[in-house]
Amino acid sequence: MGDVMKTVIILIGLIPNLCWSIDCNEKPIVCQIMKNGQTVGGKYTIKKEKAEQLAKIIKKVSKKHNIPANLFAAILAQESLYNVAAKNCQKGFVTPYRAPAGVSTISSDIEVRVCSDFGISQIHYKTVELYKFDINRLLSDVEYSVEAGAIVLSWFIKTYKHEEDAFTRYNCGLKGNTDRKTCQEYKKLVERFM
């Protein structure tokens, strides 16, 4: 292989690194998003432009709701890995109708998908109803979905401000609904994205 060809191959190999170079002191949230979106193989699943757009939204919304931006970016990574179209759905079976005894026609169980959490912030359906959020916008409008998550997170932080890690209530819910162990597990999951 000629020297020119070796040089071309080396330069092509460096292109991804050149494209992703970011001053992390200047843009820490962009770097955090890029790092969190990095796959095991070293490729980035989140493009730089998307990371910059998302970082801008996170910083704006975090400031508005008095939430640390790096914490909120980590929560969004844990909840959806920055996917606005994310849904938490489970398969299950329902029996719409069972015929009474002696009747030979029995309808069979129907497999359904039941979704409970929506959008980049993974807003639970009960919270969607409480705050009157629009599920379609949670699944399609990044800024709306991030804002919804910030509204909910800021409520938990204000409500549980006496707790050291009040942010964990975002996932483990109201006091009395879950044990402290669940909250501590969520804390560890979020911290790996900070």
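Of the chain's 194 residues, 38% count as buried, meaning under 20% relative accessible area with a 1.4 Å probe and protein chains only. Keep in mind that this is a predicted model, where local features need pLDDT of at least 70, side-chain atom pairs count only at pLDDT 80 or more, and totals for chains, interfaces and linings use all residues. Residues are numbered from 1 along each chain as its sequence is written, and side-chain values use heavy atoms, with hydrogens and water left out.

Now for the inside. The largest nonpolar core has 44 residues, and Ile33, Ile58, Phe72, Tyr82 and Val146 touch the most other members. Such a core is a set of buried Ala, Val, Leu, Ile, Met, Phe, Trp, Tyr and Cys residues joined through side-chain atoms within 4.5 Å. Helix H4 (69-80) is one of the elements giving two or more residues to this core, and H4 gives the most, with 8 residues.

Zoom in on Phe72: leaving aside neighbours within four places in sequence, Phe72 is in contact with Ile58, Val61, Ser62, Ile67, Val146, Gly149, Ala150 and Leu153. Contact here means heavy atoms within 4.5 Å.

What about H3 and H7? Residues of H3 including Ile58 and Val61 meet a set in H7 that includes Val146 and Ala150.

Definitions and conventions: Helices (H or I, at least four residues) and strands (E, at least two) are DSSP runs, numbered from the N terminus. Buried means under 20% relative accessible area, exposed over 50%, partly exposed in between (1.4 Å probe, protein chains only).
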